[in-house]
Amino acid sequence: MSETVTLARHGQVAVITIDNPPVNALSHAVRKGIGDCLAEADGDDAIEALVIYCAGRTFIAGADIREFGKPPQSPSLREVLAQLDEFRKPTVAAIHGTALGGGLETALCCHYRVAASSAKLGLPEVRLGLLPGSGGTQRLPRLIGAEHALDMMTGGKPVDPATAMAWGLVDACTDDELLKTAIEFADLKITEKNLPRISERKVANVEAGFFAAYRKKIARRTRGFEAPERIVQCVEAAVSVSFADGMRKERELFRLCRDSSQSAAMRHLFFAERQVARVPDVPKETEVREISKIAVIGAGTMGAGIALSCLDAGLDVAMLDKDRQGLERGRATIEKSLAAAVGKGRISDTQMQARLSRLDLIDDFAALADADLVIEAVFETMAIKEEVFSALDRVCRDGAILASNTSTLDIDRIASATSRPEDVIGLHFFSPANIMKLLEIVRGARTSAEVIASSMRFAKQLSKIGVLVGNCFGFVGNRMLYGYGRENQFLLLEGAAPEYIDQVLTDWGMAMGPNAVGDLAGLDVGYKVRQERTDLPDDPRYYRVADMLAEQGRYGQKTGRGIYLYDNGSRKPIADPEVGEMIRREAERLGVEQREIGGAEIIERCIYALVLEGAKILEEGFALRASDIDVVWANGYGFPRYRGGPMFYADTMGVEKVYDAICGFAERFGPQYWSPSELLARLARDGGTFAELDKE
Ligand code: 3H9
């Protein structure tokens, strides 16, 4: 018998314990171990009931993702779960931590489920571009109904035991010792004559038209993404055909998902988001500084969003602004967001009050003396930042971390306004700061390892993904955005309508089109940054449309007019023929010939511009790995997760093909923007990939 799975007797009840750290994934050894233990327990007449339990921090968190893409090893999870489903004595899953994917599918093959009240239960396969492939799509709707099951499987979000109890997903929930409770529960079921077997149930009635309506409900959020539609098809089968036929359907569709490039892309991001925390010259043992008192300087949209993100994470926040009015506005922004969260049932009123009670409004730098971390979020102007950092240097205690939320400015120059550059770092949040997962952590030339390690841990405290980047203009994300935006701007001048470009790119999977994003962020913001820059290309076409709109006061949503029109505060963009005409005249003036432009060209120019800039960033050492760049784009810029990020996408397309297209653009549009990087040329020549480069 395997050591990772053991069988022990507690009176008439036997306990199968799985011990496969860190998350008890269903590796080959675990599957085999469970199968062997089931066979032993089945043949032992002294055993009257069975509990499945896990050692360590969690119940089974799913199939072992590392095994996907490798030759399958028998027994499969399906085979083991069929054995469990048919077990003749009462079976109880004792769930703590996270019962996810194949873990929850295992629990669904037991007759009963007992959960610790802190547990989470979910089928998150969709986040890996998969569907539950060991009966989950057939058993879950039989137990909790088609709609809840679809929500859990197409959204991938786990539920808590209270919800699970209400839906009938678990039979008991406990604050006491879990294993003891589960054994007692199993003991009581020994005499039960009719053991409930989910596979023998029918799905509760669904109304005619239910699936069509459900597809419509998820259409926007799942555009271009294959797994959710396949999950719906599996649940349709659960409703309309036998359990055995439904299982066959699930198997067929699971295989399609497993072998798809979409799932490969999402698995790539899963590991990339964990790899990103590893920084070669900042070892795991690096000491981290305690961060509990935060100060945020600037109570504008960004400052208030950062403060809210810290409050959500349970930290104390002091928010500083020049005047009382600014501070009150910042507090009002925070209150409004919290009230909206209460309205949506995400937090309770008490939780909202608790967060607000940890917020302190201050207007004097002297009050920052005991902050562990100060985050500056004032205007994006170097002179102002320098002033703030020199003031911080005077008042902050030794060991405080001094961070700037700059999105473009030179961290080393900001650091040189202090006498302690080793304590200065960039913490670049993305708007809305309390929602977006990405935090770019910008390392200056002298930032200490301790400050980097503490900042990476701080990102975790905020439930964000911290990506360490180097100090170049725009860092990783915004530097790449410049190339992407530039192509959008050129395409506009060349005759592509803004709504057409946006449609093509959102159909391709981007969360929003670049023109809608510009209007949302405010066209005045980019305009101001470009005005401050002295290194822009000498090209009258460069961001010309955006500049023209900003100069006319068409800032976007906030002024009701940008590249699109907006009706009375609505956020729905409406195409504006006046803008089309304005662009046409400007193109004529600049001698740019307008023409019909197809979707394929829009995608290639915008996305390959990202790949090219990403390759240059890697080459220049401003990102540690290609996969870090993917993490930035998937979490900060709405790049479709099922395409894995720009660098993974280049690998999927073939680096050589991307390189050839870039060389073609260099010939057609001139080398100024399209001269390929050395690295890209080398990978194309050697048949290499960015993924292999990361392994070197
Ligand atoms: C599935 O079940 C398919 C079935 O329906 C059908 C099959 C036929 N496998 O996230 P953490 C590693 S699909 C292998 O930092 P946390 C992870 O890489 C699966 N490894 O911890 C990391 O390694 P390292 C459905 C896994 O506490 C370490 O564990 N299940 C797996 O923040 C710690 O992870 C899921 O999608 C795995 N399944 O979060 C669940 N899971 O230290 C995916 C984790 O070397 N997992 N690792 O970097 C999670 O959501 C989180 O890891 C979890 C813990 C919530 C469990």
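Predicted model: local features only at pLDDT ≥ 70, side-chain atom pairs only at ≥ 80, totals over all residues.
Me: Why is Glu 250 called buried?
Reply: The cut-off for buried is under 20% relative accessible area. Glu 250 has a relative accessible area of 0%, so Glu 250 is buried.

Me: What makes Arg 78 count as buried or exposed?
Reply: Arg 78 has 18% relative accessibility, and therefore counts as buried, since the limit is under 20%.

Me: Why is the contact of Arg 78 with Glu 250 called a salt bridge?
Reply: A salt bridge needs a side-chain nitrogen of Lys or Arg within 4 Å of a carboxyl oxygen of Asp or Glu. For the side chains of Arg 78 and Glu 250 the N to O distance is 3.0 Å, and they meet in a salt bridge. Arg 78 belongs to helix α2 and Glu 250 to helix α10, so the pair ties together parts that are 172 residues apart in sequence.

Me: How do you know that Asp 281 and Arg 443 meet in a salt bridge?
Reply: Their N to O distance is 2.7 Å, and the cut-off is within 4 Å. This pair links distant parts of the chain, 162 residues apart: Asp 281 is in the loop between α11 and β9, and Arg 443 in the loop between β15 and α17.

Me: What makes strand β16 largely enclosed by the rest of the structure?
Reply: Strand β16 is largely enclosed because 5 of the 5 residues are buried. Both faces are covered: Ile 465, Val 467 and Val 469 lie on one side, with Gly 466 and Leu 468 on the other.

Me: How do you know that β15 and β16 pair?
Reply: Pairing requires at least two bridges. Between β15 and β16 there are 5 bridges, in the parallel sense. As one of them, Ile 441 has Leu 468 in β16 as its bridge partner.

Me: What makes Lys 437 accessible enough for a patch?
Reply: Patch residues need over 30% relative accessible area. Lys 437 has a relative accessible area of 39%, so Lys 437 passes that cut-off. Lys 437 is in the loop between β14 and β15, and the patch of positive charge on the surface includes Lys 437, Lys 120 and Arg 571.

Key: Residues numbered from 1 in each chain as written. Heavy atoms only, no water. Patch = residues over 30% accessible without salt bridge, like charges linked within 9 Å, V, L, I, M, F, W, Y side chains within 5 Å. Areas by Shrake-Rupley, 256 points an atom, 1.4 Å probe, with all protein chains shown as cover. Lys, Arg positive; Asp, Glu negative; His and termini not counted. Charge placed at Lys NZ, Arg CZ, Asp CG, Glu CD. Helix = DSSP H or I, 4+ residues; strand = E, 2+ residues; numbered from the N terminus. Buried < 20%, exposed > 50% of the residue type's maximum accessible area, 1.4 Å probe, protein only.
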